[in-house]
Amino acid sequence: MQESSKKPSPHTLTLTDRQSLTLTGVVDVPGFDEETIHIKLDSGTLVVKGASLHINKLSLDSGDVCIDGVVNSLQYLSSPSGKSVRSRIFR
């Protein structure tokens, strides 16, 4: 099996006063609730945790998402190379 050499598209993240998050380069939002939002990027998954989180804008065509609420943490779940920990262990 040959891995794709496609370079992940870049994304930008702007967090203002821990209340307003704007993100570009979004591929999908596979799951969310008021405390956690999972955002799929070309390079992996970003998990946003907080309180009273609300998706104000989501456009998968343009790859944009805007989130309001109290943002407590942002966590990337895979390496910058886009390979998950599992794929690196079981290659």
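Which residue does G31 stand opposite in β4? The residue is H38, and we'll get back to that pair once the overall layout is clear.

A few ground rules come before the tour. This is a predicted model, so local features need pLDDT of at least 70 and side-chain atom pairs count only at pLDDT 80 or more, while totals for chains, interfaces and linings use all residues. Residues are numbered from 1 along each chain as its sequence is written, and side-chain values use heavy atoms, with hydrogens and water left out.

Start with the parts list. The protein chain has 1 helix and 6 strands, and along the sequence they follow the pattern β-β-β-β-β-β-α. Here helices (H or I, at least four residues) and strands (E, at least two) are DSSP runs, numbered from the N terminus.

Now put the strands together. Strands of a sheet pair through backbone hydrogen bonds, either parallel or antiparallel. In this model an open sheet of 6 strands has the order β1-β2-β6-β5-β4-β3, with antiparallel pairing; two strands count as paired if DSSP finds at least two bridges between them. At the edges sit β1 and β3, each pairing on one side only. From one strand to the next, the twist averages 45 degrees (axes are lines fitted to C-alpha atoms, and angles run from 0 to 180 degrees between N-to-C directions).

Back to the opening pair. A hairpin of 3 residues links β3 to β4. Elsewhere in the sheet, β5 (residues 44–59) and β6 also run antiparallel, joined by 11 bridges, and there G50 stands opposite V71 in β6.

L13, L15, L74 and Y76 make a nonpolar patch of about 310 Å², to which β1 (13–16) and β6 (64–76) each supply at least two residues. To join such a patch, residues need over 30% relative accessible area and no salt bridge, with nonpolar side chains (Val, Leu, Ile, Met, Phe, Trp, Tyr) joined within 5 Å and like charges within 9 Å. A salt bridge is a side-chain nitrogen of Lys or Arg within 4 Å of a carboxyl oxygen of Asp or Glu. Y76 lies in β6 and is partly exposed, at 42% relative accessible area.

Finally, the whole chain. Buried residues (under 20% relative accessible area; exposed is over 50%, partly exposed in between; 1.4 Å probe, protein chains only) make up 29% of the 91 residues.

Key
Accessible areas come from the Shrake-Rupley method with a 1.4 Å probe; for residues, only the protein chains shown count as cover.
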